[in-house]
Amino acid sequence: VLSTCVPLEVPQSGLAFPDWAYKAESSPGSRQIQLWHFILELLQKEEFRHVIAWQQGEYGEFVIKDPDEVARLWGRRKSKPQMNYDKLSRALRYYYNKRILHKTKGKRFTYKFNFSKLIFVNYPLWDVPPSGQIRAPLFQALQTGGNSPCPEELAV
DNA sequence: CACGGAAAAA
DNA sequence: TTTTTCCGTG
């Protein structure tokens with residue numbers, strides 16, 4: 001699909017997440033959008049680059065550049081005008097135990113996705129879609145938990 | 001700011 | 001069950 005083994009400078013502009021990577025099914029009662037889904041959504045659009053963006057270097061790591069704005073957007077989506085970063089961040093912290101996210105200690109407003117968890121959440125066990133549908137870099141990141149650069153054992 | 005307990009809301 | 005709200009602690 002793509003070139004060979006593209007290193008980790010991937011989390012940038014063009015690379016969009018394959019929709020299956022974050023199509024939450026295990027949602028609350030109905031099919032309400034989940035926060036991590038929303039975050040991924042913003043991260044995917046360039047118009048929000050100044051509000052929230054991927055951090056160069058660590059795959060899956062992102063920085064909330066404008067906490068108030070992200071909270072406002074989230075609140076608008078959920079019809080919660082009183083949403084703020086304090087409350088939004090509490091929701092993010094609930095993801096720690098679920099292993100969807102974790103905090104990058106020392107770095108303000110910086111969190112990191114655990115992509116291997118996301119793929120697990122959406123694709124139980126070994127039910128992985130054919131690699132032909134995935135962008136190589138992301139696929140590798142997902143397969144390796146989002147940290148290892150250029151794994152060669154992927155050809156399995 | 002970041003964390004996590006509690007309880008309420010959805 | 002996930003998220004919202006509130007809040008004491010470090």
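The model is predicted. Chain A has five helices and four strands. DNA strand B and DNA strand C both have protein residues around them. α3 supplies the largest share of the surface near DNA strand B, and the largest share near DNA strand C also comes from α3.

**Overall fold**

- Along the sequence, the elements of chain A run α-β-β-α-α-β-β-α-α.
- Chain A has 156 residues, and 44% of them count as buried.
- Among contacts in chain A with a separation of 6 or more, 57% join residues 24 or more positions apart.

**Nonpolar core**

- The largest nonpolar core holds 29 residues. Ile52, Phe62 and Phe113 have the most contacts inside it.
- Phe62 is one of the residues with the most contacts inside the core. Leaving out residues up to four places away in sequence, Phe62 touches Ile39, Leu43, Ile52, Ala53, Trp54 and Gln55, and also Leu101, Phe109, Thr110, Tyr111, Lys112 and Phe113.

**Helix α1**

- Nine of the ten residues of α1 are buried, so this helix is largely enclosed by the rest of the structure.
- The buried residues are Leu35, Trp36, His37, Phe38, Ile39, Leu40, Glu41, Leu42 and Leu43. His37 and Glu41 are on that list.

**Helix α2**

- α2 has twelve residues, which at 1.5 Å a residue should span 16 Å; the end C-alpha atoms are 16 Å apart, so the two values agree.
- Pro67, Val70, Ala71, Leu73, Trp74 and Gly75 are the buried residues of α2.
- Their cover includes α1, β1, β2 and α3.
- Just after α2, Ser79 takes a positive phi of about 60°.

**DNA strand B**

- The residues around DNA strand B are Lys80, Tyr85, Arg90, Arg93, Tyr94, Tyr96, Lys103, Lys107, Arg108 and Phe109.
- Sugar and phosphate make up 47% of the atoms of DNA strand B that come within 4 Å of the protein.
- By class, this surface has six charged, four nonpolar and no polar residues.
- α3 contributes five residues, the largest share.
- The side chain of Arg93 places an N or O atom 2.6 Å from a base oxygen of DNA strand B.
- An N or O atom in the side chain of Tyr94 is 3.2 Å from a base nitrogen of DNA strand B.
- Phe109 uses its backbone: one of its backbone N or O atoms lies 2.7 Å from a phosphate oxygen of DNA strand B.

**DNA strand C**

- Of the atoms of DNA strand C that come within 4 Å of the protein, sugar and phosphate account for 78%.
- By class, there are seven nonpolar, six charged and one polar residue on this surface.
- A backbone N or O atom of Leu35 is 2.9 Å from a phosphate oxygen of DNA strand C.
- In the side chain of Trp74, an N or O atom lies 3.0 Å from a phosphate oxygen of DNA strand C. Trp74 is one of the buried residues of α2.
- The side chain of Tyr95 has an N or O atom 2.9 Å from a phosphate oxygen of DNA strand C.
- α2 and α3 are the elements that give two or more residues to the surface near DNA strand C. The largest share, seven residues, comes from α3.

**A buried loop residue**

- Thr104 sits in the loop between β3 (101-103) and β4.
- The relative accessibility of Thr104 is 10%, so this residue counts as buried; the cut-off is under 20%.
- Apart from neighbours within four places in sequence, Thr104 is in contact with Glu61, Thr110, Tyr111 and Lys112.

Technical notes
Residues numbered from 1 in each chain as written. Chains lettered and ligands numbered in written order. Predicted model: local features only at pLDDT ≥ 70, side-chain atom pairs only at ≥ 80, totals over all residues. Heavy atoms only, no water. Core = buried A, V, L, I, M, F, W, Y, C linked by side-chain atoms within 4.5 Å. Buried < 20%, exposed > 50% of the residue type's maximum accessible area, 1.4 Å probe, protein only. Contact = heavy atoms within 4.5 Å. Near = heavy atom within 4 Å. Polar contact = N/O pair within 3.5 Å; in protein donor to acceptor, adjacent residues only side chain to side chain. Nonpolar A, V, L, I, M, F, W, Y, C, P; charged D, E, K, R; others polar. Expected span 1.5 Å × (residues − 1).
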